[in-house]
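Subject: Structure handover

Hello,

The structure is below, followed by notes on what turned up in it. Please look it over when you have time.

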Amino acid sequence: MVPPRTSRTALLSLLGVLALAGTAAAQNLESAQQISPVFRAGGSFLLDLVVGGILVAAAPAYTRDAIAEIRDDPGGSFLWGLGVGIGGLIALALLAITIIGLLVAIPGFLALILLSIVGGAVSTVLLGSLVTGVASGGSPSLGVSLVVGALMAAVLSLVPILGSVILFVVDMLGLGVVGRNLYRAWS
């Protein structure tokens, strides 16, 4: 049996923690400095240009093949993107619970970040090729597709809900094709 004084102390401690949590939750979040959406879109544009430029310059054949693969099987690429992105994140988080698993999970998280960066670059070029390919009626150059895709991604990032959904789908396509290609090379 627990002495009454210990249970009273535990109850008062719990109430104190709950009161502190309520005070923290009531803080005004609007007082924090936030980055303007235009600056975020500009930063996104520049980051997409730099990372996509590295991909296009270093591996133009891979970029073309990845875009062609997405166009041939968009559903499969999207499902692979969900599997790699969300499934991989869940698997790595479960693996990180143990100390030994953490030794595997940390490089796994870094690999997932690298896959996401490459997949994002592929998706930027894909988005630009979709827009410019429709306008020109053919296959545009990778550089033009990159610039148009980065601009489209920046503009879509300014659209509240629909833009985020479109960018999520396009990013899952890019991540999926990169993940599938990595799996094929590995197996």
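Salt bridges

At 47% relative accessibility, R184 counts as partly exposed, whereas E69, at 15%, counts as buried (buried is under 20% relative accessible area, exposed over 50%, partly exposed in between, with a 1.4 Å probe and protein chains only).

This is a predicted model, in which local features need pLDDT of at least 70 and side-chain atom pairs count only at pLDDT 80 or more, while totals for chains, interfaces and linings use all residues. Residues are numbered from 1 along each chain as its sequence is written, and side-chain values use heavy atoms, with hydrogens and water left out.

The whole structure has three salt bridges (a side-chain nitrogen of Lys or Arg within 4 Å of a carboxyl oxygen of Asp or Glu). E69 pairs with R184, the closest N and O atoms being 3.1 Å apart. E69 is in helix 3 and R184 in helix 7, 115 residues apart (helices are DSSP runs of H or I, at least four residues, and strands are runs of E, at least two, numbered from the N terminus). R180 also forms a salt bridge with E69, at 3.0 Å between the closest N and O atoms. A further salt bridge joins R180 and D73 (3.2 Å, N to O). R180 lies in helix 7 and D73 in the loop between helix 3 and helix 4, so this pair ties together parts 107 residues apart in sequence. R180 is buried, with a relative accessible area of 7%; D73, at 33% relative accessibility, counts as partly exposed. Salt bridges link E69, D73, R180 and R184 in a network.

Regards
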